[in-house]
Amino acid sequence: MEFKLTEEQEMLQEMAHDFAEKSVAPRAADIDKNGEFPQDLFDTMTEMGFTGLCIPEEYGGSGGDDIGKAIVVEEIAKKCASTAGTLSVHMVCPSILLKFGSEEQKKKYLPKLANGCLGAFALTEPGAGSDAGSARTTAILDEATGEYVINGTKCFITGGARAQYIALIALTQPEKKIKGMSCIIVEKGTPGFTIGKVEDKMGLHGSETAELVFDNCRVPKENLIGEEGKGFNYAMIALDGARIGIAAQAVGIAEGALEASIEYAHQRIQFGKPIAALQGIQWYLADMATKTEAAKWLTYYAAYRKSAGLPHTKEAAMAKLNASENARYVTNLALQIHGGYGYMRDYPIERMYRDAKITEIYEGTSEIHKVVISRALLK
Ligand code: CAA
């Protein structure tokens, strides 16, 4: 067993760290305040090859493995959870194409998704959140034209408002329920597909979360990914990978909050000395660091298993459950260390505290992860 990054992973970490420090950190507060999607940062991430991570070079990507991907998301999340979240969720659409798409689809979409086009994954509906299998959006094949006719509404879709390509889960055979679900690529601008409400959220203000409305939207039969009726399974497999990304995001948020707390503890003078000299603060920092280190290695372990082609459903769920609860715990203590100043927008802690919460909810709630983990234990 070796607890060591490869040279390539170390290089990626350094690049991502540098980008986060120099380009992301100075923008993070404004992105949050203005609810601004950081298009310029997405473009830079594209130039740096981050949006094409895990997409093989033959399809226009930058290659790499899931550990490298997690490290990049983590480094960016230390400074801006919104930018890291956008990157992490963008990668779900290409991951589905890569695993289940035809050669033709890979050649058509992957180079674009690696090089500037944002991807989205549309599973959730107003009446189908944790119970994803109860989704009602339909995509019925019109034999006469060879097109799927899509009707329904998806909600809470990260990047949905500006994504060029959407991996949509819809019922192609509604009577078969979960086993009648399929995965279909829908392109932005297809007639009958419109963007509904863009959500006003508690945190993650720079990551757009949108409703997608399909009203007799027609897409060619060729847009079906993989087999008809396998869409739910593909979605679950995609989520196994995606959850590692959110775990990495949560680790990064916790690390960012810990770094800020250490700096503040050295600077803040109370009772005639820096608060870092107070044992209560020291214990907080020790707990924050210990739990964050544990969350990081569980996340890397899940990423390692995925990269190695080993089963990772349980490990991804454990990593996300643990890292997201830790992000909430650490940002809460970080705010406590900062006291009144932490509650003010002048410091990044209140943003981190708000951003951390979503990691316990999106791409599966903590409760769903406990279902997934306990099912694996009891089978
Ligand atoms: N890998 C492969 N196949 C899987 C799987 C996995 N991890 N999990 C389930 N399946 C398969 C099952 O084997 C079964 O297939 P077969 O019948 O062929 O064996 C099929 O899927 C149905 O599985 P279940 O019976 O377990 O289904 P269920 O209805 O009990 O649901 C669940 C299981 C785990 C609760 C699932 O519904 C779930 O994960 N819910 C949470 C959904 C979620 O994470 N939503 C977030 C969406 S993304 C998002 O947040 C928006 C965004 O933009 C970020």
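Analyst: The account below takes the helix pairs in turn and then the ligand.

The model is a predicted one. Two packed helices are described by the angle between their axes and the distance between the axes, and each pair is treated here in those terms.

Helix α8 covers residues 279-307 and helix α9 covers residues 313-342; their axes come within 9 Å and cross at roughly 160 degrees. Because angles over 145 degrees count as roughly antiparallel, α8 is roughly antiparallel to α9. The crossing in which α8 passes α9 is left-handed. Sorted by class, the residues in the contact of α8 with α9 are 18 nonpolar, five polar and four charged.

A second pair consists of helix α5, residues 92-100, and helix α7, residues 231-267. The axes of α5 and α7 come within 10 Å, with a crossing angle of roughly 125 degrees. That angle makes α5 oblique to α7. Here the crossing is right-handed, as α5 passes α7.

In a further pair, helix α2 (residues 39-47) meets helix α4 (residues 81-90): the two axes come within 11 Å and cross at roughly 55 degrees. At this angle α2 is oblique to α4. The crossing of α2 past α4 is right-handed.

The ligand is the remaining topic. There are 24 residues around the ligand, and of these Ser130, Lys179, Arg243, Glu363 and Arg375 come nearest. For Lys179, a polar side-chain atom lies 2.6 Å from an oxygen atom of the ligand. Threonine 313 also places a polar side-chain atom by the ligand, 3.5 Å from a nitrogen atom. Glycine 364 takes part through its backbone, where a polar atom is 3.1 Å from an oxygen atom of the ligand. On its own the ligand has 1100 Å² of accessible area, of which the protein covers 72%.

Residue 313 links the two topics: helix α9 spans residues 313-342, and threonine 313 has the side-chain atom that lies 3.5 Å from a ligand nitrogen atom.

Notes: Residues numbered from 1 in each chain as written. Predicted model: local features only at pLDDT ≥ 70, side-chain atom pairs only at ≥ 80, totals over all residues. Heavy atoms only, no water. Axes fitted to C-alpha atoms, helices over the stretch in contact; angles between N-to-C directions. Helix = DSSP H or I, 4+ residues; strand = E, 2+ residues; numbered from the N terminus. Parallel < 35°, antiparallel > 145°, perpendicular 65-115°, else oblique. Left-handed = near helix turned anticlockwise from the far one by under 90°. Nonpolar A, V, L, I, M, F, W, Y, C, P; charged D, E, K, R; others polar. Near = heavy atom within 4 Å. Polar contact = N/O pair within 3.5 Å; in protein donor to acceptor, adjacent residues only side chain to side chain. Areas by Shrake-Rupley, 256 points an atom, 1.4 Å probe, with all protein chains shown as cover.
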